[in-house]
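The following note sets out some points on helix packing and pockets for a colleague new to this structure. Please read it alongside the sequence and the model.

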Amino acid sequence: MSERPADAQGAMGGRLSVDLRAERAGFRMRAAFGVAPGEIVAVIGPNGSGKSTLLEAIAGQLPATGRVSIGGRVLDAPVGSGGPGAPRAIRLPPSERRLALLGQRALLFPHLSVLENVAFGPRAQGVPRAEARRRARARLEEVGLGAFASRRPAGLSGGQQQRAAIARALAAAPEALLLDEPFAALDAQTAAQARRLVAAQRDSAGIPIVLVTHDPMDALLLAARTLVMQDGAVVQEGATAEVLGHPRSDFVAAVAGVNRLAVTGAAGGAVRAAGLELRGHGDALRDGEHGTAVFAPGSVRVRAMPVAPAAAEPNGVNRWSGTVALLEPLPGGIRVHTVEQPGIAVDCPSTVAVTVGLRPGLPLAFELSADDVSVRRDERQEDERPER
């Protein structure tokens with residue numbers, strides 16, 4: 001990676017602070033969070049949860065109320081009290097915010113060369129043509145497109161166009177970068193290259209980055225923290241490992257690819273769920289106390305019969321049995337659901353599937369280490385627990 005261009009030095013060091021409310025066609029969005037310089041915060045949620053609305057509001061493309069600031073510079077602020085000397089409402093237009101918003105489509109100008117596309121931002125800021133082109137060439141080299149500067153966008157692949165769009169956004173020296181599912185339209189190899197490029201900007205540009213994504217891989221590889229939005233509100237926020245490792249909703253569990261079970265505390269530190277008795281780590285639920293248990297389908301080991309008891313064993317290995325009801329293909333294996341526990345997914349490697357003769361109606365035994373089961377108490381119960 002080349003050194004960071006001198007034109008971007010002034011963008012370093014500002015924290016992005018957001019506390020916004022916006023409404024569009026009857027849909028209401030509210031979010032409050034902060035992003036430190038050099039940090040990526042991922043935003044996930046179902047379609048229609050308000051993720052893109054949030055980015056558009058931050059960028060000033062959608063009318064909103066509340067406050068947005070970057071470093072010491074206020075982009076949005078509410079009306080003051082109205083008294084003498086009270087501050088007036090602040091609402092900078094998108095062109096003055098110094099925020100870059102990049103979506104799934106590169107949206108390059110088809111009639112301009114790649115170089116002129118990337119130089120467009122600095123030129124719009126009043127930078128002389130020669131200096132704007134110098135900055136553009138530096139950014140194109142940074143994203144591996146120096147040799148394509150003279151081409152038109154139509155002469156680039158989809159992945160190259162997206163890299164050019166990232167270069168164009170960075171050439172304007174933004175104080176924060178807003179990414180709206182920028183890898184969604186790319187193939188796996190190109191998406192991996194684009195992730196590495198964004199990670200490099202995280203480490204070198206020193207600006208806050210907000211990444212809206214539907215892919216947990218993006219959050220796991222890039223973001224230290226993750227927000228979950230649902231129905232226009234942030235419903236979970238925390239370290240990415242915690243948010244995806246123990247989801248608070250079925251949606252996030254589906255995104256993370258884990259089993260999430262409602263459980264009840266049982267005697268001896270175990271929990272009961274879906275007709276099973278399990279042991280795990282995390283919160284110790286009292287007998288009858290409610291919570292959730294989370295584990296990955298790939299953590300379960302599949303065995304041929306004899307049937308094991310549906311109980312947690314003192315040695316920390318959970319064992320149960322079931323009859324195959326549904327088989328779904330996976331890369332390198334098959335996902336299994338059983339008649340007895342239809343809500344639990346188990347990933348069986350292809351070699352094991354061949355060994356046991358996997359087919360519908362086949363009885364199987366399952367093993368799951370307690371170390372692979374995360375147990376959490378329901379939040380409302382946590383708030384109601386008496387102090388000791």
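Helices (H or I, at least four residues) and strands (E, at least two) are DSSP runs, numbered from the N terminus. The model is predicted: local features need pLDDT of at least 70 and side-chain atom pairs count only at pLDDT 80 or more, whereas totals for chains, interfaces and linings use all residues. Residues are numbered from 1 along each chain as its sequence is written, and side-chain values use heavy atoms, with hydrogens and water left out.

1. The largest pocket has a volume of about 850 Å³. On a 1 Å grid over the protein atoms alone, a pocket is an open set of points where a 1.4 Å probe fits, with protein on both sides within 12 Å along at least five of seven lines; lining residues have an atom within 4 Å of a point. Its volume is the space filled by probe spheres set on the points, which are joined across faces, edges and corners.

2. The lining of the largest pocket comprises 28 residues, and Gln61, Leu99, Ala100, Leu101 and Ala169 lie nearest the centre. Strand S7 (99-102) contributes the largest share, four residues. At least two residues each come from helix H1 (51-59), S7, helix H2 (114-124) and H4. By class, the lining has 16 nonpolar, six polar and six charged residues; Ala, Val, Leu, Ile, Met, Phe, Trp, Tyr, Cys and Pro count as nonpolar, Asp, Glu, Lys and Arg as charged, and the others, Gly among them, as polar.

3. The second largest pocket has a volume of about 240 Å³. Residues lining the second largest pocket include His246, Arg248, Arg260, Arg376, Arg377, Asp378 and Glu379. Seven charged residues, three polar and one nonpolar make up this lining.

4. H2 and H4 pack with their axes 7 Å apart, at an angle of about 30°. Axes are lines fitted to C-alpha atoms, for helices over the stretch in contact, and angles run from 0 to 180 degrees between N-to-C directions. H2 and H4 are therefore roughly parallel (angles under 35 degrees count as roughly parallel, over 145 as roughly antiparallel, 65 to 115 as roughly perpendicular and the rest as oblique). In this contact (heavy atoms within 4.5 Å), Val114, Asn117, Val118 and Pro122 of H2 meet Ala164, Ala167, Arg168 and Ala171 of H4. The contact of H2 with H4 has six nonpolar residues, one polar and one charged.

5. How do H2 and helix H3 (residues 129-142) cross, and within what distance do their axes come? The two axes cross at roughly 120° and come within 8 Å, which makes H2 oblique to H3. Among the residues in contact are Val114, Val118 and Pro122 of H2 and Ala132, Ala136 and Leu140 of H3. Eight nonpolar and seven charged residues form the contact of H2 with H3, with no polar ones.

6. Helix H4 (residues 158-171) also packs with helix H5 (residues 188-204), at an angle of about 15° and with axes 10 Å apart. H4 and H5 are therefore roughly parallel to each other. Gly159, Arg163, Ile166 and Leu170 of H4 make the contact with Thr190, Leu197, Val198 and Gln201 of H5. By class, this contact has four nonpolar, three polar and one charged residues.
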